[in-house]
Amino acid sequence: MRRIITFGTFDVFHVGHVNILERAYSLGDYLIVGVSSDNLNFNKKKRYPVYNQSDRVKIISSLRFVNEVFIEESLEQKLDYIRTYNADVLVMGDDWTGKFDWVKTDCDVVYLPRTPSISTTEIIEIVRSI
């Protein structure tokens, strides 16, 4: 069985999220998703997500192609998560290209293209301006 792991905030869930998770799942047999904690998101983006981590975990867990979900507490622990979940492949969006090549000692790394014209940040900005 080929185990795939990916990570994200998955705030204001949209078709871009569905697309990358579906494509990640298609690379293996079992998809594990790390959902960024509220605190991790604040440290990265200087704002809390619109939806709290419990709601975001529930949304991601409800997808038929997601097998397991956990809370990601730290970007620096990627290798620990890969090892804990026995992942064979790390999948990230291509906006992270090259940034996780250092885990290739333990698993393959695939950077998938993001869905064009879809961005959580953009959606939030449009909603705020209304």
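## Secondary structure content

Five helices and five strands make up the chain in this predicted model. Along the sequence, these elements follow the pattern β-α-β-α-α-β-α-β-β-α.

Of the 130 residues in the chain, 45% are buried. The accessible surface amounts to about 7100 Å², and carbon and sulfur atoms account for 51% of that area. Among contacts with a separation of 6 or more, 62% link residues 24 or more positions apart.

## The sheet

The five strands of the open sheet are arranged in the order S3-S2-S1-S4-S5, and their pairing is parallel. Strand S3 (68-72) and strand S5 (108-112) form the edges, each pairing on one side only. On average, neighbouring strands are turned by 25° against each other, direction ignored.

Strand S1 (residues 3-8) runs parallel to strand S4 (residues 89-93), and three bridges join the two. Ile 4 has Val 89 in S4 as its bridge partner.

## Helices on the sheet

Helix H3 (residues 53-61) packs on the sheet, where it touches S2 and S3. The direction of H3 makes about 165° with that of S2. Helix H1, in turn, lies across S1, strand S2 (30-36), S4 and S5. The angle between H1 and S2 is about 140°.

Within helix H1 (residues 15-25), the buried residues are Gly 16, His 17, Ile 20, Leu 21 and Ala 24. Viewed down the axis of H1, these buried residues fall within an arc of 125°, so they line one face of the helix.

Tyr 81 is located in helix H4 (residues 78-84). The relative accessibility of Tyr 81 is 9%, and this residue therefore counts as buried, the cut-off being under 20%.

Leaving aside residues up to four places away in sequence, Tyr 81 touches Ile 5, Phe 7, Phe 70, Ile 71, Glu 72, Glu 73 and Ser 74. Of these contact partners, Ile 5 and Phe 7 fall within the residue range of S1 (3-8), while Phe 70, Ile 71 and Glu 72 fall within that of the edge strand S3 (68-72). Thr 6 lies 75 residues from Tyr 81 along the chain, yet the C-alpha atoms of the two are separated by 10.0 Å.

How values were computed: Residues are numbered from 1 along each chain as its sequence is written. This is a predicted model: local features need pLDDT of at least 70, side-chain atom pairs count only at pLDDT 80 or more; totals for chains, interfaces and linings use all residues. Side-chain values use heavy atoms; hydrogens and water are left out. Buried means under 20% relative accessible area, exposed over 50%, partly exposed in between (1.4 Å probe, protein chains only). Helices (H or I, at least four residues) and strands (E, at least two) are DSSP runs, numbered from the N terminus. The arc is that of the directions from the helix axis to the C-beta atoms. Two strands pair if DSSP finds at least two bridges between them. Axes are lines fitted to C-alpha atoms, for helices over the stretch in contact, and angles run from 0 to 180 degrees between N-to-C directions. Contact means heavy atoms within 4.5 Å. Accessible areas come from the Shrake-Rupley method with a 1.4 Å probe; for residues, only the protein chains shown count as cover.
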